[in-house]
Amino acid sequence: MKFHGLRHSSGTLLLEDEEEANFDSILIVIQRRLGHARLSTTSDTYVHVTKKVKTRIAGKLNKFNPSESRK
């Protein structure tokens, strides 16, 4: 991995470790840490949604599916 790739990884890992309720505030912290003037640069380019985050969110959404809650 090139050094610049660490910037992407650090932003993604910081976001991955947070609960969804804190995403907005942690994005601002990541933006400042990476030195971006615009939050959109951080959220659109440097922070990536991982499989771990997708799985966690999918699990929360399953409680709204009546067929899944019976399993």
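Mentor: The model is a predicted one. Its largest nonpolar core has 9 residues: Leu15, Phe23, Ile26, Leu27, Ile30, Leu34, Tyr46, Val47 and Val53. Helix 2, residues 23-34, gives the most to this core, with 5 residues.

Trainee: What makes a set of residues a nonpolar core?

Mentor: The residues must be buried, belong to a list of nonpolar types that includes Leu, Ile, Val, Phe and Tyr, and be joined through side-chain atoms within 4.5 Å. The 9 residues named above form the largest such set here.

Trainee: Which residues does Leu15 touch, leaving out those up to four places away in sequence?

Mentor: Leu15 touches Phe23, Ile26, Ile30 and Val47. Each of these is also listed in the core.

Trainee: How many helices and strands are there in the chain?

Mentor: There are 5 helices and 0 strands. Read along the sequence, the pattern is α-α-α-α-α.

Trainee: Why is the chain called more spread out than a compact globule?

Mentor: The globule rule gives 11 Å for 71 residues, and the radius of gyration of the chain is 15 Å, well over that value, so the chain is more spread out than a compact globule. The C-alpha trace spans about 45 × 25 × 15 Å along its principal axes.

Trainee: What share of the residues counts as buried?

Mentor: Of the 71 residues, 23% count as buried. The chain exposes about 5,400 Å², and carbon and sulfur atoms supply 57% of that area. As for contacts with a separation of 6 or more, 52% of them are between residues 24 or more positions apart.

Trainee: Why is Gln31 called buried?

Mentor: Buried means under 20% relative accessible area. Gln31 has 11% relative accessibility, so Gln31 counts as buried. Gln31 lies in helix 2 and touches His36, Ala37, Arg38, Leu39 and Thr42, not counting residues up to four places away in sequence. Gly11 is 20 residues from Gln31 in sequence and 8.5 Å from it in space, C-alpha to C-alpha.

Trainee: How many positive and negative side chains does the chain have?

Mentor: There are 13 positive and 8 negative side chains, and the centres of the two sets lie 4 Å apart.

Key
Residues numbered from 1 in each chain as written. Predicted model: local features only at pLDDT ≥ 70, side-chain atom pairs only at ≥ 80, totals over all residues. Heavy atoms only, no water. Buried < 20%, exposed > 50% of the residue type's maximum accessible area, 1.4 Å probe, protein only. Helix = DSSP H or I, 4+ residues; strand = E, 2+ residues; numbered from the N terminus. Contact = heavy atoms within 4.5 Å. Rg over C-alpha atoms; globule rule 2.2 N^0.38 Å. Areas by Shrake-Rupley, 256 points an atom, 1.4 Å probe, with all protein chains shown as cover. Lys, Arg positive; Asp, Glu negative; His and termini not counted. Charge placed at Lys NZ, Arg CZ, Asp CG, Glu CD.
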